[in-house]
Amino acid sequence: MRDAEAFRLRWLGRKQGRLKLISEAWLKSGPTDARKPLGIRFNQLKQQIEEVLTSVSLRIQKVLEGEERVDITLPGGVRAPGIPHPLLKTMNEIVAVFHHLGYSTALGPQVESDFYNFEALNFPPNHPARDTQDTLVLADQQAKPSRDRLLMRTHTSPVQIRSMIACAPPIRIVVPGKVHRNDAADATHSPVFHQVEGLCVDTNITFSDLKGTLDHAMKALFGSSVKTRFFPSFFPFTEPSADVQISCIFCSGAGCRKCKQSGWIELLGCGMVDPTVFASVTEARRKLNPADDAYNPAKITGFAFGMGVERIAMVQHGISDIGHFYSGDMRFLEQFA
Ligand code: PHE
């Protein structure tokens, strides 16, 4: 009752009501030819306010007279709480595993320069290794030197370079984020997807540290009974490089359709940071401090890894089409509530 009166005063009050103010500020001082349409709008507004007030006071009267009761025992309107998207959930899970090992999170831009995305990672201009990452480039970049041209990052690895230029070792970071490739969408590819990168640089970091770290991470994500296997591979910025496979979680290694009868599922790429990467980092750091020697490969070593979040989430939940993640179909999403 009191609220209804306050509402009436606020809008229709003779002295301070909003309608009075509006009429003074706009209607009375408005140009003559605008007065008619303004007047019509003004009257519509006034009518609306009066209608609301009448219907409210009618209901109040009914409630007071006992004609209409508010049944406070009726259940309220239930609004389902939101849930993290399954991809975000997996990404956060991966990041949390590494946070527990003392890693911190680093982020970088999705629009990246050729230098960070390729050159500093030992993909020289025109080198065929670039063909493995079909790149979406920004328009009108031809006038710039090759290393300054902008593109959509094809992986999260450029954040390795950014982090090393910014900070001396020791470094232990994970980099979650979106990456872009000029790939046609199919059941396992999407032009925009997500990766989590890892980088560890310190004194005496060896390949066994890499193996132990990733074996632990895979067990944390897929259960302690999974085995890991490191398969020789190639990335320009790691040497040696490996693909990490886990024993098939669907058939425990016996061979099934999901693992193409091999018993193993390939999940991520990794390797020891190539000394040429440390050389690019040192060159960039020396522009700021000519005496910099923080990334001298005679003193430090490191490992890096990169995993596709969609791929891991698909294996975790047995999802066979990557498109489900982006469809917004509630029947899919509700299964993760
Ligand atoms: N950046 C690589 C890719 O997207 C993955 C990777 C990261 C490999 C770090 C080795 C080390 O394919």
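1. The model contains an open sheet of 7 strands, ordered 1-4-5-9-8-7-6 and with mixed pairing. Its edge strands, each pairing on one side only, are strand 1 (104-105) and strand 6 (228-235). Strands here are DSSP runs of E of at least two residues, and helices are runs of H or I of at least four residues, both numbered from the N terminus; two strands pair if DSSP finds at least two bridges between them.

2. This is a predicted model, in which local features need pLDDT of at least 70 and side-chain atom pairs count only at pLDDT 80 or more, while totals for chains, interfaces and linings use all residues. Residues are numbered from 1 along each chain as its sequence is written, and side-chain values use heavy atoms, with hydrogens and water left out.

3. Strand 4 and strand 5 pair in the antiparallel sense, over 10 bridges. V179 has F193, in strand 5, as its bridge partner. The loop between strand 4 (171-180) and strand 5 (192-202) holds A184. A184 counts as exposed because its relative accessibility is 62% (exposed means over 50% relative accessible area, buried under 20%, and partly exposed in between, with a 1.4 Å probe and protein chains only).

4. The largest nonpolar core has 45 residues, and F98, L214, M218, F222, L267 and M307 have the most contacts inside it. Such a core is a set of buried Ala, Val, Leu, Ile, Met, Phe, Trp, Tyr and Cys residues joined through side-chain atoms within 4.5 Å. Among the elements that each supply at least two residues of this core are helix 4 (86-99), helix 7 (207-222), strand 8 (264-273) and strand 9 (301-308). A second, separate core of 26 residues includes A129, V175, A284 and Y295.

5. Not counting residues up to four places away in sequence, M218 touches G223, V226, T228, I246, L267, L268 and M307; contact means heavy atoms within 4.5 Å.

6. In helix 9, the buried residues are V309, E310, I312, A313, M314 and V315. These buried residues of helix 9 pack against helix 4, strand 5, helix 7, strand 8, strand 9 and helix 10 (324-327). Just after helix 9, G318 adopts a positive phi of about 65°.

7. V52 belongs to helix 3 (residues 32-64). With a relative accessible area of 40%, V52 is partly exposed.

8. A184 and G302 lie 118 residues apart in sequence, and their C-alpha to C-alpha distance in space is 34 Å.
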